[in-house]
Amino acid sequence: MNKKALSYTEAVSNIEEILHQIETGEMDIDELASKVKQASELLKLCKGKLFETEKEIEKILKEMEGTGND
Amino acid sequence: MENQPLSLHELLDQVKSVVKNNMSSGYWLVAEISELKINYSGHCYLELIEKEPAGAIKAKARATIWASVFRMLQPYFETTTRTSLSAGMKVMVRVSVEFHEVYGFSLNITDIEPSFTLGEMAKQKQEIINRLISEGVFEMNKALVLPTLPRKVAVISSGTAAGYGDFENQLSNNPYGYKFYTKLFPAVMQGEEAEASIIAALDKIYEKDDFFDIVVIIRGGGSQSELSCFNNYWLAYNICQFPLPVLTGIGHEQDESIADMVAHTKLKTPTAVAEFLIGMFHEADNTVNQLSLAFTETVTDRVEEEKARLYRIWLLLKPVIKENLSDNAGSLRMQGVRLQGCVERRILKESGVLNRWVDRVGEDSRKLINRMIHALEILEQKTQYLDPFIILKRGYSVTYYNGKALKDPAAIAGNEIIETRLAEGMLKSKTI
C-alpha cells in the first residue's frame with residue numbers, strides 16, 4: 001500500500017475496517033500487534049492531513065504561481 | 001419647383017414644431033437599454049432598442065436622463081431592484097419626445113418604473129433556470145460528493161476585495177490550527193466583464209481539477225448592486241458542469257442568484273464559506289479522535305479478553321502440571337531436547353539401512369527365491385527318506401508291547417501278547 005497516495009477518506013475507512021475486525025473477533029491475536037501498528041500509523045496520517053504542511057502540495061502551488069494567472 | 005428651397009434649419013425647425021405640436025408631453029415607454037454612459041457632469045446617455053423575437057433590431061432611439069433627474073432616479077431604481085441601470089436591461093420609462101435642430105431626435109427620460117424591470121429580471125431569471133433544468137445540468141454540481149477534507153481550495157475572487165482578505169484570514173487563523181491550501185484565481189466580480197472573467201478563472205482551475213478539492217467563488221465588500229452577472233446563463237452553465245464542488249459566498253442579502261442556486265453549497269458571505277470549510281475539518285478531526293478512542297478501547301478489551309482466557313487455561317492446567325512434571329522442569333526440558341536429538345539421529349540411521357535393504361532386495365530377489373525353492377526340494381527328499389510308511393514298505397516292522405514300541409527283547413517275558421506293525425497291517429502274536 002502506498003501511503004502517500006492514501007487519502008484521508010481511505011485512511012479513515014481502513015481504520016474502521018481494522019476496528020471492525022478486532023471488535024467482531026475476526027482478527028487473530030497474533031495479528032493484533034501488527035494491525036495496531038498499522039492503525040496508529042493511519043491515525044497519524046489522518047491527523048497529519050488536518051494539521052501538517054505537505055511539501056508536495058506547496059511545491060505544486062509554487063509551480064502554479066510560476067505559470068502566471070492572467 | 002413650386003417654392004423657394006428651405007434652409008436646413010428652416011426644415012428641421014418645421015419638424016421640431018410638428019413634433020412639439022403633435023406629441024403629448026409624456027409617454028410611458030417599454031424598451032431595452034442597449035448602451036449606457038454617464039458623463040463627467042452626471043448626465044446619463046442611453047440607447048434604447050426594441051428587438052424582433054428573432055433578435056433583429058426593430059427600433060432604436062437615443063435617450064437622455066439629465067443629471068438633475070438621474071441623481072434621484074438612480075437610487076430609487078437601485079433600492080427597488082438592487083441593481084443599477086445597465087445595458088441589456090428592460091425598462092419602463094416616462095419620456096418626452098424631443099427634436100433639436102442640431103442634436104436631432106431623442107427621448108428625454110423623466111421617470112422610471114423599477115418594478116417593471118424587477119418583473120422582467122425575475123422572468124428572465126426564471127427562463128434561465130428553466131433552461132438549465134431542461135438541459136439537465138441544473139443539479140449537476142449539487143450531485144458531486146463534497147470531499148471529507150477540502151484541503152486544497154481554488155478561490156475565485158477579486159484579489160483586492162475585502163471579502164477575499166476576510167476569507168484568507170479566517171482560514172489561516174482558524175483556532176484549531178488546521179492547514180488549508182488556497183490558491184487565488186483572480187477575476188472581475190462585478191459588471192459586464194464579470195461573466196467572462198469568472199468563466200476564464202473556472203477554465204484555469206479545470207486544468208488542475210485533479211489537484212484541487214473544491215472551488216470557492218467569493219465576493220464581498222462591493223455594492224449590493226452589479227450582481228446581475230451571477231444570474232447569467234453561461235456562468236451558471238459553467239458552474240453546473242464543473243467537475244469539482246463549487247461553494248459560493250457572493251453576499252446576496254435577499255434573493256438568491258442563479259449561481260447560488262446551481263452551486264454545490266451556497267453560503268452568504270466569504271466568512272461563512274471559511275467557517276463552513278473549518279467546520280468540515282473540525283468534523284473530520286472529531287472522527288479521527290473518536291476512532292482513536294474507539295481503537296484504544298477495542299484493543300484494550302481484546303487484550304484483556306485474551307489475558308482472561310490464558311488465565312482460565314492456566315487454572316485448568318495447573319493441577320495437571322503439578323501432578324505430572326518433576327519440579328526440575330529445566331532438566332526435563334534438556335532431556336526432551338536430548339531425546340529429540342537421539343530420535344532424530346536414529347531415524348536418520350535406520351532409514352539409511354532400510355534404504356540399502358530395499359536396494360538389495362530388489363537386486364537379489366530372484367536369486368533368493370531360487371535358493372529357497374532348491375532348499376525346499378532337498379527338504380522334500382529328506383522327508384521322503386524319513387517317512388515310516390516308506391520304511392515299512394521296504395520290509396521293516398515295528399513291534400509294540402503294551403502300546404509302546406519294543407526296542408529290547410529282554411524287556412518281555414514269555415507268553416505275552418505283542419503287536420507287530422507291517423506295511424499292510426497289524427499282526428498279533430504270542431511270545432514263547
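**Phe116(B) and its surroundings**

A: Phe116(B) touches Val91(B) and Met92(B), leaving out residues up to four places away in sequence. Contact here takes C-beta atoms, placed from the backbone, within 7 Å. This is a predicted model: local features need pLDDT of at least 70, side-chain atom pairs count only at pLDDT 80 or more, and totals for chains, interfaces and linings use all residues. Residues are numbered from 1 along each chain as its sequence is written, while chains are lettered from A and ligands numbered from 1 in the order in which they are written.

Q: Where is Phe116(B) placed?
A: Phe116(B) is in helix α3 of chain B. Helices (H or I, at least four residues) and strands (E, at least two) are DSSP runs, numbered from the N terminus.

Q: Is Phe116(B) buried or exposed, or partly exposed?
A: Phe116(B) is partly exposed, with 16 other C-beta atoms within 10 Å. Buried takes 20 or more other C-beta atoms within 10 Å of a residue's own, exposed takes 12 or fewer, and partly exposed is in between.

Q: How far apart are Phe116(B) and Val93(B) in space?
A: Phe116(B) and Val93(B) are 9.4 Å apart, C-alpha to C-alpha. In sequence, 23 residues separate Phe116(B) and Val93(B).

Q: What angle does α3(B) make with α2(B)?
A: Helix α2 (residues 67–81) of chain B and helix α3 (residues 114–134) of chain B pack at about 40°, with axes 9 Å apart. That makes α2(B) oblique to α3(B). The axes are lines fitted to C-alpha atoms, for helices over the stretch in contact, and angles run from 0 to 180 degrees between N-to-C directions. Under 35 degrees is roughly parallel, over 145 roughly antiparallel, 65 to 115 roughly perpendicular, and the rest oblique.

Q: Which residues of α2(B) and α3(B) meet?
A: Tyr76(B), Phe77(B), Thr80(B) and Thr81(B) in α2(B) meet Pro114(B), Ser115(B), Thr117(B), Leu118(B) and Met121(B) in α3(B). By class, this contact of α2(B) with α3(B) has five nonpolar, four polar and no charged residues. Ala, Val, Leu, Ile, Met, Phe, Trp, Tyr, Cys and Pro count as nonpolar, Asp, Glu, Lys and Arg as charged, and the others, Gly among them, as polar.

Q: New topic. How many residues does the largest nonpolar core have?
A: The largest nonpolar core has 64 residues. Such a core is a set of buried Ala, Val, Leu, Ile, Met, Phe, Trp, Tyr and Cys residues joined through C-beta atoms within 7 Å. Val215(B), Val216(B), Ala236(B), Ala259(B) and Val262(B) have the most contacts inside this core. Helix α8(B) gives the most to this core, with eight residues.

Q: What does Ala236(B) touch?
A: Ala236(B) touches Ile128(B), Leu132(B), Ile258(B), Ala259(B) and Val262(B), not counting residues up to four places away in sequence.

Q: How many residues of α6(B) are buried?
A: Six of the eight residues of helix α6 (residues 233–240) of chain B are buried. They are Leu235(B), Ala236(B), Tyr237(B), Asn238(B), Ile239(B) and Cys240(B). Their cover includes α3, α5 (194–206), β9 (246–249) and α7 (258–262) of chain B.

Q: And where is Val137(B) found?
A: Val137(B) is in the loop between α3 and β6 (152–157) of chain B. Val137(B) is partly exposed, with 17 other C-beta atoms within 10 Å. Leaving aside neighbours within four places in sequence, Val137(B) is in contact with Leu132(B), Tyr237(B), Cys240(B) and Gln241(B). Val137(B) and Val262(B) are 125 residues apart in sequence and 8.7 Å apart in space, C-alpha to C-alpha.

Q: How many helices and strands does chain B have?
A: Chain B has 10 helices and 14 strands. Buried residues make up 23% of the 432 residues in chain B.

Q: How many residues of chain B are in contact with chain A?
A: 26 residues of chain B are in contact with 24 residues of chain A. The largest share of the chain B side, 13 residues, comes from α8(B). By class, that side of chain B has 13 nonpolar, five polar and eight charged residues.

Terms used
Contact = placed C-beta atoms within 7 Å.
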